[in-house]
Amino acid sequence: MLTYDFLLVGAGLFNAIFAREATKQGKKCLVVEKRNHIGGNLYCENIEGINVHKYGAHIFHTSNKEVWDYMNELCEFNHYVNSPLARYKNKVYNLPFNMHTFYQLWGTTTPEEAEAKIESQRVKIDDPKNVEEQALSLVGSDIYEKLIKGYTEKQWGIAATQLPAFIIKRLPLRFTYNNNYFNDPYQGIPKGGYNPIFEKCFSQCDVLLNTDFLQNRHLAKEAETVIFTGMIDTYYEYCFGALEYRSLYFENEVLDTDNFQGNAVVNYTERKIPFTRIIEHKHFELGQQPKTVITREYPQAWEIGLEPFYPINTEQNNCLYQRYKTLAEKEKNVFFGGRLGGYRYFDMDQIVKSAIELFNNMKLHNREN
């Protein structure tokens, strides 16, 4: 007799939400996580009384009222608004590109002046072949050279002239004095960090940490259904080849000051500076601690054994993923979810919605059968 209804591979957000829905229905779940903690990339480590986002900054935001209400059942959000800054050659610019940015670049004070300046710098390119051409055709030379080029090249590890144009489909320009990065009406950081969300969601589950499912596939025999949120190509042992990702590594530093940069996120857009941004974690929760913790975030090439952060959705990789997806669709009791299972970058609200939808669809299917 099977011990569990579900084996959840990975203790990140997708499986946390799935586990909550399943256990509310009396289902038994076993969670298998290769790291030494639950929470996936949302895991926070407490340092000097500050919730440090161990795997990079994560701000919850959504336009979906149902998802927002759902998450508010799991935590209380603060009123943090994401307003990152960009630093280029010791000058600071507001993001996203808005009237503050345009004033900082050119001294323009009206939308008409800013629009005219951008239009004068745009390069007419009917069919952009790369990121550089795409950006120049959208926003012109100043914004591209100071705020896009170096950051993008660091992020992807390749010259902008060699990056496909689709990476920058659009570059939003706001002709208002609005520094709110997101257009979504709901956003914030959970008070006390993200960890309590996962503790609640997995509270009724059995959890195995420091356990790599791929080296312990026999665990699948313990459950009726497997929800796999790891890399889909690893599940199939790279039978068609490895999908490509970009990776990151993080350098934390505790500073004996109460305020290092005055903002949670500052992007460094010069190519010669090796990191892409500095995160000062206390500002996510409006902290007043006597010390501060900063993290320098460095992009790096991904290879097997490193953490995969960003799928590289080139045409070649997407075709390769479709081959794996075709295999997955033939599975009767294995389902793939999340960023790695779907080989696509998802915002957190999309993860929450898709996990709930998967469980509800499975529940409906079982009723019909």
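Predicted model: local features only at pLDDT ≥ 70, side-chain atom pairs only at ≥ 80, totals over all residues.
Residues are numbered from 1 along each chain as its sequence is written, and side-chain values use heavy atoms, with hydrogens and water left out.

The chain holds eleven helices and 16 strands, counted as DSSP runs (H or I, at least four residues; E, at least two) and numbered from the N terminus. Its C-alpha trace spans about 70 × 50 × 35 Å along the principal axes.

Five strands run in the order β9-β2-β1-β10-β16 with parallel pairing; two strands pair if DSSP finds at least two bridges between them. At the edges sit β9 and β16, each pairing on one side only. Here are strands of this sheet with their residues:

| Strand | Residues |
|---|---|
| β9 | 206-208 |
| β2 | 29-32 |
| β1 | 4-9 |
| β10 | 223-228 |
| β16 | 334-336 |

Between β10 and β16 there are three bridges, and Ile227 stands opposite Phe335 in β16. Helix α1 (residues 13-24) packs on the sheet and touches β1, β2 and β10, a contact being heavy atoms within 4.5 Å.

Elsewhere, Glu153 lies in helix α6 (residues 141-156). Glu153 counts as buried because its relative accessibility is 7%. Beyond its neighbours within four places in sequence, Glu153 contacts Ile158, Ala159, Ala160 and Arg271.

Note on methods
Axes fitted to C-alpha atoms, helices over the stretch in contact; angles between N-to-C directions. Buried < 20%, exposed > 50% of the residue type's maximum accessible area, 1.4 Å probe, protein only.
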